[in-house]
Amino acid sequence: MTAAAASAPLLSTAGLSISFGALKVVQSVDFRLDRGARHALIGPNGAGKTTFINLLSGVLRPARGIVCIGNLEVNRLSVEQRVRCGLARTFQISQLFRNLTVFENVSLAVMRRRGVGMSMFRRCSSHAVVTQDAMDIIGTLGLDDEAFQPIRELSYGKQRLVELAIALGLRPRILLLDEPMAGIPIGERGPILDVVAKLDPEIAILIVEHDIDFVFQFASQITVLANGSVLARGTPAEIAADVAVAEMYLGGGSHE
Amino acid sequence: MALSIFFDGIAYAMILFVLAVGLSITMGLMGVINLAHGAFAMAGGYLAVVLINRLAVPFVPALLLAVALVAVLSVPFERMLYAAIYGRGELDQVLMTIGLTLMSMAVATYLFGPGPVTLKLPGALDGTVPAFGREFPSYRAFIVGVGAAVFAALWFSFERTVLGAKIRAAVDNRAMAEAAGINTARLFTLTFALGCGLAALGGALAVNVVGLTPRFAIQYLVVVLAVVAVGGLGTIGGTMAAALVIGVADVAARYFFPGASAFLIYAPLLLVMLLRPRGLLGKV
Amino acid sequence: MERSERGADTSGVSAAERFLKGRDGLRAIEALPWLAAIAFPIAFPDCALLGTHVLIMMLFALSLDVIVGYAGIVTLGHAAYFGVGAYTAGLVSARLGWSEPISGLLAAGIAAGAFGLVTGSVLLRYQHLALIMLTLVLSTMVFELANAWADLTGGWDGLMGIQLGPLLGLFEWDLRGLTSYGYALTVLMASFWWLRFLSASPFMQGLRGIRENRARMRAIGTPITFHLLIAFTLSATLAGVAGALFAQANAFITIEVLGFERSAAVLTMLLLGGVGRLYGALAGALVFIVAADWLAKMSPIYWEFGVGLLLVLVVLLYPNGLLGAIERVRAQCRRRSA
């Protein structure tokens, strides 16, 4: 019983498919993410990676197939209901509250997790746990100096960190990271790489990323998506050795 | 009886179409909520009155001149005022265009007084024309003709000309159109002028049908916006369909249920807008 | 700058507490407008009628600030809720003969709130242009319904026979309008301080989040439509209370209370004062009503032109309204002196 529960994936899909018009964007994808997983989703542009994230998080509904969180089929659950099941995500294009401060951005997520998002009868300042949690996350991400600046005044790199901080404010069991380093120059990725590397090992992480060096170092499992279907999956070593992946994705050369 | 109500309804529908189609195109293209469209229509109406009644310009040239003047007049408005609010929130757009409308109403009251004015129609348009074995007011027949001509001209130019193709492309996807090398700033100015010219034509045609007072600028705003919404933004066929349904229904309701007519019109309109937010003919 | 890990943490929390205090805390200067409002009828007893009108429109503008300023939803039909409140209070007295004012006021708030709940549950599924059009058409429909049902509402001729018993059984309604003024001020203060408290709550901060970014708000688990519906109902209730005050203070209403012009006017007041800051609604209503009164005495045309010009200028030059402009000037002064 307990062994079965332990081996049940936190997040899984079976035969997941969706089309936009005649274009099959995601085609019968089977996927599983276990507790503490470090799973990377790679593939060329237009392979359907972000669409897959949108199907998992509930922004899109699949045409066929199912999404499960634990043993629960969540196809009919909305985005916000899936969040309550412990699923959080970040966005490839930052989705922040631009005129609010970093602290307020993170607080909104923490207030939701603590179940006080609709509280009308107490001030924010009397929700001390919310303040504490939010400042903890801000401290962990090294954003103390910017905590009370509005997002619009932050550098792009810091904004990407806030993107992550909001998701962490939900203290998720499952975290979907959609290109967390998108748009940050290679030389300035240090802070966010550190944060991602040091995330709680209990969290199951699915990361979409183009930085192959990072992916091979970070992930224990890799799924390669091409034209909406799974081209290959396995450990970094297996993917590096995969001929089809090498031909299609790594431009014919093997990865060292 | 039913036939003449129907005919009146068609004439009213054509006025609604001409008033609404310019708004539909400009809102579809620029994404700006332009509540001052009625002000440009009113300007067209008063200009026509001045040209015809005071300066004795012949009827049809006067209409064309009024349209051209309002179109030209709209260019500085677009460049100086509207261009500043394209990227801004809906609240700013709503309030600035309400502001323009209020100013236009004050100016109209100052120049022409609060009372209604009418156009002196030429003899040919003042009588009746026979058709289907009865007599129809010839001015309404003229309006139906103009409406149909405007519809045909717009349809043709949207489907067959480069400008039309550019507008359709920019309505669909502005970023893509800009990437394809379309100068959207100039396109906006041209389209805005076209939209205001159409408003002016609608305003001038409406003078002797619904009456022209300084309140014209907001009196027909709701019904014109409803035509735009029900027709679907940026669609010519949809706007015509919506104008016909609303125009005929409005006139019929006014005849058969004089007390409750306006309510009877708005209730189904609301329903259509709720069920088909992208317009009668649009995708759900 | 070397700090222990633990020390850095607590300093972060206390900095956050300072930030929240700065954002939500009460300031001494906030007493000023209320002292002025209390002093006003004593200093100018002959202007109490105008003052009452200002107070009522302040409440109406406040109600709109909840959804326009905080939640970022633009509506062109808020007069519908003001009007439902006004007619509820008016009809209860004129048609049912119930003359106790406070219960009439509560009935109006409940009726307008219920109407807001029902209409909001449909309207709030839409956004942007569609929502603006729907609010416009819905309020026009309500207006036309009241017009068609003139037997009941009095239509353009107005609803006659609104009669009120003395307030709390103690205060008779005097001709100078001092009782009305005190009544309106009490209701406004109660509503304002409730909202002022609410503005510091997670609920109102959530509305700001919805205004700033809906996609993210949903992605952190917010049931957006439900959250907005509560705010909308609250706003409609307060608008209805404002409408009821209007009906009771004037003892007369026409269907003008439901009209598009009133919806546009209240939006104008809010923009004029500055949205999303509560005090903007107060400042905007004050300036708007006083200016309207003053300019309209010269000529209604001046008033129409003046308010139109003001709107265009505010949108183009001072998008944050009068209070926003004052803050900007103060910030510049501080920078210069620093």
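Of the two pairs of chains in contact, the pair formed by chains A and C shares the most contacts, a contact being two residues whose C-beta atoms, placed from the backbone, lie within 7 Å. This is a predicted model, in which local features need pLDDT of at least 70, side-chain atom pairs count only at pLDDT 80 or more, and totals for chains, interfaces and linings use all residues. Residues are numbered from 1 along each chain as its sequence is written, while chains are lettered from A and ligands numbered from 1 in the order in which they are written.

The contact between chains A and C takes 38 residues from chain A and 31 residues from chain C. On the side of chain A that touches chain C, the elements giving two or more residues are α3 (79-84), α4 (102-113) and α5 (128-140) of chain A; helices are DSSP runs of H or I with at least four residues, strands are runs of E with at least two, and both are numbered from the N terminus. α4(A) gives the most to this side, with six residues. The residues of this side divide by class as follows.

| Class (members) | Residues on the side of chain A that touches chain C |
|---|---|
| Nonpolar (Ala, Val, Leu, Ile, Met, Phe, Trp, Tyr, Cys and Pro) | 19 residues |
| Polar (the others, Gly among them) | 10 residues |

No contact joins chain A and chain B, and their closest C-alpha atoms lie 14 Å apart.

Chain C has 15 helices and zero strands. The C-alpha atoms of chain C fill a box of roughly 75 × 45 × 45 Å, taken along the principal axes.
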